[in-house]
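Please walk through this structure with the text below.

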Amino acid sequence: MRGTMAVFLAGGRGEGLGVLTEHRAPAAVPFGGKYRLVDFSLSNCHHSEILQVALLTQHAPTSLNEHVGAGRSWDLDRAQGGVRILQPFASRVRARWTEGPADALLRSLNEFDEAGIERLLVGSAEHVYLLDYSDLVASHQASGCPLTVTVLAVTPGRPRRARRVEIEGERVVRLASTKESVDRGHVAIGLFVFEMDFLRAAAADAAPRTLFEWVAAAAGAGVPVHAFEHDGYWEDPDDLATYYRTSMSLLAPNSPLSLADPLWTVETHGEERPPARFLPGSRVRESLVAGGAMVAGEVERSILFGGVIVEPGARVRDSILFQDVRVGAGARLDGVIADKQVQIGDGAVLGEGPPIAAASADVSALCVIGKEARLPAGHRLKRGGVVPVAPRALAGIG
Amino acid sequence: MSGQAFAFLLAGGVGTRLCLLSEKRAKPAVPFGGKYRIIDFTLSNCVNSGIFDVGILTQYRPTSLNQHIGSGRAWDLDRSRGGVRLLAPYRGSQENDWYRGTADAVYQNMVHIRNRRAEDLLILSGDHIYKMDYNPMLEFHRDRRAAVTIAATVVPVEDTNQYGILELDSRGRVLSFIEKPKEARSQLASMGVYVFRRDVLWQALEEDAAVESSNHDFGRDVIPRLLAKGADVYGFPFPQYWQDVGTIDAFYAANLDLLSDRPTIDFSDADWVIHTAILDLPAVRLGQDAAVERSLVANGARVEGRVVRSVIFPGVVVEKNAEVVDSILMNDTRVLPGGRVERAILDKQVWVGQGARVEGGIGGRPNTVCAEHLHGGLVLVGKGATLPEGVRVGPNARVDPDVVPEDFDGDVGPGEVVWNPRATGAAQSHGHPPAGARPARISSGREP
């Protein structure tokens, strides 16, 4: 895909994800047993052969930096192009943080405006989907429009909280700039293609705070805006309920998101661990268990990341345990999201109650345990309980 | 360590004692431990010891090995200086030809280290399972001003006739070295890990090359000749886990040992990661009726049935009501509903048809063609074999690679062999998967 550079916005605070994003950018939030959210965008680039990629960061970029590194896991460590992480920086003439994605994008325009780059593919680094970007770019080019909005048809009966788009044929007529509950028609999924010429002209104007406001304004002002329909899986896990539901949907026998397509692998960094170890007495059903995990207890409808240890007699249900969480002997977990390296003492009881229905996950029923928190033996936490990130973890890498 | 050591890794072995497992691949490329290949251990030892300059000598069926090693990226051995090189025999204007033995393989590749500063050269076998920091051995070698240092491990008395046995004095100097002795003077066996002073190696290999009657083997020729000349040859005892997995029984036992409460070798040591080629597969998926106990299961596997005391590689699928006990299932092998596998080693991409029963046992009638290697009761199924619905396969049976249901003549009794009639000459290396019957790789959760 010569001439196209992908720019992913990873600067948000991710307030909806609570303690999971207190110390890390939302794009770096662990997902699906071994991934981080950004892996989907980067793997899409790799398979779509978009070899020039930039990640725009601002908030808590450390773990994202660490994860992406030189881009090797996605074959994006290249002599020419490859992946770059652009963090706001101070210069002699100015030193200010960026104010929203559109500002971030326009401020970095000089960085992208290099030889041969004719258009930018702009998306969020936090969305979960598999998409061949070359189809999107080809459709954009064929349309002759200076900008393209990717849209998704809403499944009847499954309303989405998103930005409504009205289309006629393949043209965007109207784009809402704020989210609402949409139960029919199309929504925009925050994935655009912009011609560089259009961006250069736009950069001269004062930029509104969001990319959507900006695109909506352009559409309103008569700029021809192309609509590209993505007809596959797509989720924006920007709050805990969506994150939980999206994660748990992976456990269904006919999960709509395939992580195992040999032609479209989802690539990630740094999971060099031995096979998962099931000890005598282990009972694990309807779950994902990553390499390096060790289970002696009972696990149901849960996702266990690498290095998780479930000691004998412990019971984990409807839960998501990030890397290296230890569940002590006899502990009981119901509807818990535990961040990395959380230690749960023997016999602790977290989130006791009737099973949580993943489909209608009520976020107020979930327990969320911040990174590296230590819960002593016998500790009890009610449904909806939150344990903050351990202070030492805030200083570290997530 | 930079510039100080260079390792030649010998990976050309035919590995006949592993029977089907090494028929189509070099022994170091045989899968082990749920996600690794045997060579990963030696190669990881190199990089974990800070040795980033490695030449791998290949000869026999190197395709799997070449593909596995690639550019060496998984081991951080894709480097502009040093890194890993796969060295296959080539024909030149001079006497180069097929390697005549391990010593000859190194001799023909000495040109490779011409521009290296390394004063000490490691010669490593790619056939063993062990975690070893080579630095203490290199220090020992330099400290003793040794010409050659041989790493040695204690083996059971009854196994001494399979190894080169060393007798050492109190400072570690080798008093005697006898290859496969009938009566051993010690239980200290050569691990096939040598440190040579560069000048010593060059001279020894030149001499050896000129001897017409030589087998050109380090253990049988080069070391005995150096000892006879009174060279300073030392033994370096290595007290930790070291396992030769060169026979079916040893291979099976070493895999199953990983399932014990306290395995003798730990693969989860963050300070000594065993690197292997990255497959980008999702976490293990366990279905509603899954029951998995005392097993290792690699990412990309899917279990709907029951798995007990087994080693399950990536992409394996164990369907509903299927059962796998005391077995090793390599990549992308699939046990269909109602199938049962017990005391068996299934190579990659095997299909066990609905209700088929592959049931090894203990002992029994040895295999009719490889009695020497297949007599302990295990069943061995070759890569890509498809077992028909409802078939029964007994102890010590051997099912050849790429067989299809039509190749079976009813059940397979103890010690019997299912041949692949298409496997003759060149065709053998490619095999004939049944047309349209199944994908080459099965690891998606969405396949039919």
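**Between the domains of chain B**

Between domain 1 of chain B and domain 2 of chain B, 3 residue pairs are in polar contact, both residues being at pLDDT 80 or more; a polar contact is a pair of N or O atoms within 3.5 Å, and within protein one must be able to donate a hydrogen and the other to accept it, while residues adjacent in sequence count only if both atoms are side-chain atoms. On the domain 1 side, helix H7 (248-257) of chain B is one of the elements that give two or more residues, and H7(B) has the largest share, 6 residues; helices (H or I, at least four residues) and strands (E, at least two) are DSSP runs, numbered from the N terminus.

This is a predicted model, in which local features need pLDDT of at least 70 and side-chain atom pairs count only at pLDDT 80 or more, while totals for chains, interfaces and linings use all residues. Residues are numbered from 1 along each chain as its sequence is written, chains are lettered from A and ligands numbered from 1 in the order in which they are written, and side-chain values use heavy atoms, without hydrogens and water.

The domain assignment, which is automatic or from a database, places domain 1 of chain B at 2-257 and domain 2 at 285-442. Their C-alpha centres lie 33 Å apart. Contact (heavy atoms within 4.5 Å) joins 22 residues of domain 1 of chain B to 32 residues of domain 2 of chain B.
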